[in-house]
Amino acid sequence: MTLRELQALERAHVVPAYARQPVQFVRGAGARLWDVDGAEYLDFQTGLAVTSLGHSHPAVVEAIRDQAARLLHVGNLFYSEPAMQLARRLSESSLGGKVHFANSGTEAVEAALKLARKAKPAGTIVSLQRGFHGRTYGSLSATPQESKQAPFAPLVPGFAAVAPTAQAVAEAVDERTAAVLLEPVQGESGVWVLDDELLRAARAACDEHGAALIFDEVQCGLGRTGTLWAYEDSGVVPDVMTSAKALANGLPIGALICSPRLADVFAPGDHGSTFAGGPVACAAALAVLEVIDDSELLASVRALGARLAAGLAALPGVVDVRGRGLMLACDFEIGPHPPAPQLVRRALLEQRLVLNATGPATLRLLPPLTIGEAEVDEALQRLRALL
Ligand SMILES: *Cc1c(COP(=O)(O)O)cnc(C)c1O
């Protein structure tokens, strides 16, 4: 079908919850995408930090094909090997406790919130301004953005949001607090690396008051910042962590990972999901971890991230570059340049560079972790042509 035909179908039959770009992608390989007319694009958005190994990574494709041909679904009332293997791999690579599977980021966060509340009944949840945790009610209640929350009030009770500073977090936590939920590197708000002092203050406050420290690594985890898990960089270890987005490189999956102290809070019947931990998604995730949990790849993410950040800082009109590894954002001056959404559209249609905007003057770059220097330089060249 042509793009025009798809747009007509959307107008007639699709709930208008998304603002789509006028492009129909039909194929991808590595950092490249091709549209229905055969035009080639450079993908520095990766479906929002999902296809971190690039499109059609052969190891992921093979794992999916192989598992799909044998067994698609049995549900959580039986054993299947990929889920058990993946749980071991996730816990051994991080907090050393146990894992509970979900189908998305927001569901992993819901599981974390329910776990924290069960561990401390009726406890409150403290989250941070600029944070993003998802669109279901619990996650949304921890996502303090007026535009996202207001139409859906009333939200879940017992949530408080504070400024992302060490002092504000320390003051907000008391004996009623069940959990502090934060992203070590905040993604949706335009890539803000939380400082180590804040993370240490959150850790200390949670320890003092018996609250769970939950790191939402749905976007910043899995090598994105140049370490397998973003928390490694700060040395502050959470009690609970959520993962999703890049975990199966495009198949829906989410995971809650907890430390040994909280590993047995959920009992049979407390929480669950029909599709979670399905063999195909878990097989794909095992293939992903095999590639990402590699010191050479992670070193390359750090080196390419530094190269991309330096290149962005040198672009005309760029006033700030933020982030870590290959999770970067840059602010530019509006006036000489059009607002970010327009710039993103021109980057896509004129420069064939896929990226996104997180604010009126902020571009976010989330390229595949498997790119090379040549692709970083090519993206910078296209941005220079645009600016
Ligand atoms: C994207 C995101 C979520 C929500 O994930 P979904 O899979 O869209 O539900 C939660 N937390 C963070 C940090 C995210 O970036």
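Helices (H or I, at least four residues) and strands (E, at least two) are DSSP runs, numbered from the N terminus. The model is predicted, so local features need pLDDT of at least 70, side-chain atom pairs count only at pLDDT 80 or more, and totals for chains, interfaces and linings use all residues. Residues are numbered from 1 along each chain as its sequence is written, and side-chain values use heavy atoms, leaving out hydrogens and water.

Helix α4 (residues 81–92) packs against helix α10 (residues 279–292). The angle is about 35°, and the axes are 8 Å apart. Axes are lines fitted to C-alpha atoms, for helices over the stretch in contact, and angles run from 0 to 180 degrees between N-to-C directions. Contact means heavy atoms within 4.5 Å. From α4, P82, A83, Q85, L86, R89 and L90 take part. They meet P279, C282, A283, A285, L286, L289 and E290 of α10.

One aromatic pair was found in the whole structure. F25 and Y41 are edge-to-face, with 5.0 Å between centres and 90° between planes. Rings of Phe, Tyr and Trp (its six-membered ring) pair if their centres lie within 6.5 Å; planes under 30 degrees apart count as stacked, over 60 as edge-to-face and the rest as tilted. F25 belongs to strand β1 (residues 25–29) and Y41 to strand β3 (residues 40–43), so the pair ties together parts 16 residues apart in sequence.

Two arginines lie over tryptophan rings. The charged end of R27 is 4.2 Å from the ring centre of W34. R130 lies over the face of W192, 4.3 Å from the ring centre. The criterion is NZ of Lys or CZ of Arg within 6 Å of the ring centre and within 35 degrees of the ring normal.
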